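This briefing is intended for a reader who is meeting the structure for the first time. Please keep the sequence and the model at hand while reading the points that follow.

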Amino acid sequence: MGRLNQLAINDEGFIFDPLTGESFTVNRTGLFIIKKLKENKSEEEILEDMLNEFNVSKDIAEKDLIDFIQKLKSYGLV
Amino acid sequence: MKKIYEKPVITKVETGFMNKFGESPLYHRKIRKDIDGVSIEELVSRFGSPLFVISEKQLRNKYRTIYNAFASRYPNVQFGWSYKTNYLKAVCAVLHQEGALAEVVSGFEYEKARKLGIEGKDIIFNGPHKKLEDLEIAIREGAKIHIDHFDEILDVEKIAERLGKTVKVAIRLNMDAGIKPQWSRFGFNLETGQALDAVKRIAQSSWLILNGLHAHIGTFILDPNAYAKEVEKMVKFAYEVEDNFGFKIEYIDIGGGIPSKNKLKGTYLPPDISVPPIDDYAEKITEALYSNLRPGDFPKLILETGRAIVDEAEYLITTVFASKRLPDGRKAYICDAGVNLLFTAFWYKFNVEIDREVYGVNEPSVLYGPLCMNIDIIDDGILLPPLERGTRLIFSPVGAYNNTQWMQFIEYRPNVVMIMEDRTVEVVREKEDLTDIERRERLPEKLKLL
Ligand SMILES: Cc1ncc(COP(=O)(O)O)c(C=O)c1O
């Protein structure tokens with residue numbers, strides 16, 4: 001899970017990394033995904049959760065999830 | 001009930017979070033739902049995407065604003081429409097209706113102006129490559145010939161002699177007006193005395209009369225003082241010529257170069273701040289005229305303003321075709337228009353507007369065109385909210401140099417429409433198909449596969 005577990009995350013979507021001093025903002029969907037990742041859920045499980053939580057088609061959610069995780073990787077967060 | 005979905009976004013908070021205008025760059029976006037009251041959706045559903053859209057109203061307004069800035073300060077002003085900037089017939093016709101001459105730089109552009117109904121006497125023929133047959137037609141038809149080099153003096157003289165007709169000509173000058181790089185490859189240099197040599201040679205000819213001076217010191221000139229310098233040098237030279245050779249310089253053509261409200265790559269300030277208002281240019285130029293002209297002398301002032309007139313009157317509507325995540329974390333969008341249609345993307349950073357409200361935080365994004373070419377980038381660093389496939393992006397200003405320097409490369413060129421003053425929409429250049437591209441090709445008999 002990389003750095004994810006060390007991050008301080010509040011419900012407004014503000015994320016702070018105490019080790020590097022970096023901060024990030026995420027929107028509601030982003031926060032939802034990050035919380036699931038911290039629970040060690042797989043991408044398939046998260047996708048399932050997204051479809052239950054949000055009014056979104058599987059195609060779009062799947063594409064966005066993959067895209068979001070790549071973005072987290074680019075920040076070195078996962 | 002399920003919650004409303006918004007694409008997931010994470011953005012790193014940088015120091016200097018707020019920009020200097022006090023709004024969060026994370027939520028700033030520009031929305032445009034119509035052009036001159038015609039909705040983007042209607043335009044695309046009728047004419048397809050990508051789509052160039054020219055506003056007749058904005059074109060005329062811009063011309064009038066710029067023309068009036070000069071005409072209200074000096075009694076003898078004439079504009080020449082620089083064809084190379086945008087030679088779509090509809091654009092040229094609007095500007096000719098407004099009173100502009102045609103300024104052309106090749107036989108092809110000359111032919112275009114004539115075919116549109118412009119008489120030779122209303123055409124300024126510039127450029128370093130006037131082929132003899134083109135030059136002869138222009139001389140016969142009484143065009144204003146602006147001589148670029150010594151070979152051309154001799155060419156014009158020979159043609160004049162053959163036609164048994166004395167010909168009025170102008171010469172193009174180049175000079176140090178403080179602009180870097182100095183455009184020294186066109187015309188005769190002032191400071192080295194080359195221009196004076198050209199005048200001497202013209203004075204020796206019994207077929208040539210010098211009646212005008214021309215210069216064009218560069219393009220996208222952000223300093224109005226450069227024009228003051230140019231005008232001062234041209235007027236002084238005009239009097240030197242008049243006093244020593246007995247010619248009357250009837251007009252001084254100071255060329256183009258006034259910037260449009262576009263953003264040069266690598267500049268920080270928005271164009272509304274970095275580009276001086278047109279009145280500053282008009283003020284400097286006419287001030288320089290009045291302080292150097294002799295009392296009662298008002299030679300015609302010709303301007304060949306190109307981009308400043310047409311750039312802001314045209315938009316390109318594109319559609320987001322796909323998106324991907326780059327290894328460095330940036331979001332990339334593939335649009336249906338790229339550098340094939342937007343030649344000026346190489347030096348401009350366009351204004352990008354979205355056709356709809358989009359939820360979500362902005363993230364650093366890149367806009368690619370459709371070409372299978374690494375250089376096909378329209379914007380390599382723009383903050384955009386997450387965009388759904390099918391979203392339309394509107395680029396502007398794109399009126400200058402794109403409809404002339406676009407390439408038929410890999411893709412067809414799309415429709416160009418003009419929104420008329422009454423809000424009807426006319427196709428002014430129909431989208432291409434295979435017949436346009438292959439009309440000139442010949443397949444040798446033995447290579448035929450069918
Ligand atoms: C001779 C001449 N006149 C006018 C123009 C128009 O210049 P601009 O579009 O910068 O006004 C050009 C452009 O290169 C030019 O070469």
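A:Glu45 is partly exposed, because its relative accessible area of 41% falls between the 20% limit for buried and the 50% limit for exposed. The model in which this residue is seen is a predicted one. A:Glu45 is located in helix H2 of chain A, and it is one of the residues of a negative surface patch.

**The negative patch on chain A**

- The patch consists of A:Glu43, A:Glu44, A:Glu45, A:Asp59 and A:Glu62.
- Two elements of chain A, helix H2 (43-53) and helix H3 (58-74), each give two or more residues to this negative patch.
- With 3 residues, H2(A) gives the most to the negative patch.

**Chain A as a whole**

- The secondary structure of chain A amounts to 3 helices and 4 strands.
- Read from the N terminus on, the elements of chain A follow the order β-β-β-α-α-β-α.
- The C-alpha trace of chain A spans about 35 × 20 × 20 Å along its principal axes.
- A compact globule of 78 residues would have a radius of gyration near 12 Å, and chain A agrees with this, having 12 Å.
- Among the 78 residues of chain A, 46% count as buried.

**Chain B as a whole**

- Chain B contains 13 helices and 22 strands.
- Along its principal axes, the C-alpha trace of chain B spans about 90 × 65 × 45 Å.
- For 450 residues, a compact globule would have a radius of gyration near 22 Å; the value for chain B is 25 Å, which agrees.
- Of the 450 residues in chain B, 53% count as buried.
- B:Ile278 lies in helix H10 (residues 278-292) of chain B, and it counts as buried because its relative accessibility is 18%, under the limit of 20%.
- The C-alpha atoms of B:Ile278 and B:Lys165 are separated by 41 Å, and the two residues are 113 residues apart along the chain.

**A nonpolar patch on chain B**

- B:Phe346, B:Trp347, B:Met373, B:Ile375, B:Phe409 and B:Ile410 make a nonpolar surface patch of about 530 Å².
- B:Phe346 is found in the loop between strand S16 (331-335) and strand S17 (351-354) of chain B.
- The relative accessible area of B:Phe346 is 36%, so this residue is partly exposed.

**Salt bridges**

- Over all chains, a search of the whole structure finds 41 salt bridges.
- One of the pairs joins the side chains of B:Glu136 and B:Arg162, at 2.9 Å from N to O. B:Glu136 belongs to helix H5 (residues 132-140) of chain B and B:Arg162 to helix H6 (residues 150-163) of chain B, so the pair ties together parts that are 26 residues apart in sequence.
- In this pair, B:Glu136 counts as buried at 17% relative accessibility, whereas B:Arg162 is exposed with a relative accessible area of 56%.
- The side chains of B:Arg325 and B:Glu363 also meet in a salt bridge, at 3.1 Å from N to O. Because B:Arg325 lies in strand S15 (residues 314-325) of chain B and B:Glu363 in strand S18 (residues 363-368) of chain B, the pair ties together parts that are 38 residues apart in sequence.
- Both B:Arg325 and B:Glu363 are buried.
- In a further salt bridge, B:Lys349 pairs with B:Asp379, and their closest N and O atoms are 2.8 Å apart. This pair links distant parts of the chain, 30 residues apart, with B:Lys349 in the loop between S16 and S17 of chain B and B:Asp379 in strand S19 (residues 377-384) of chain B.
- B:Lys349 counts as partly exposed at 25% relative accessibility, whereas B:Asp379, at 5%, counts as buried.
- A network of salt bridges links B:Glu56, B:Arg60, B:Arg64, B:Glu98 and B:Glu421.

Definitions and conventions: Residues are numbered from 1 along each chain as its sequence is written. Chains are lettered from A and ligands numbered from 1 in the order in which they are written. This is a predicted model: local features need pLDDT of at least 70, side-chain atom pairs count only at pLDDT 80 or more; totals for chains, interfaces and linings use all residues. Side-chain values use heavy atoms; hydrogens and water are left out. Patches are made of residues with over 30% relative accessible area and no salt bridge: like charges are joined within 9 Å, nonpolar side chains (Val, Leu, Ile, Met, Phe, Trp, Tyr) within 5 Å. Accessible areas come from the Shrake-Rupley method with a 1.4 Å probe; for residues, only the protein chains shown count as cover. A salt bridge is a side-chain nitrogen of Lys or Arg within 4 Å of a carboxyl oxygen of Asp or Glu. Lys and Arg count as positive and Asp and Glu as negative; His and the chain ends are not counted. The place of a charge is taken as NZ of Lys, CZ of Arg, CG of Asp or CD of Glu. Buried means under 20% relative accessible area, exposed over 50%, partly exposed in between (1.4 Å probe, protein chains only). The radius of gyration is taken over C-alpha atoms; the globule rule is 2.2 Å times the number of residues to the power 0.38.
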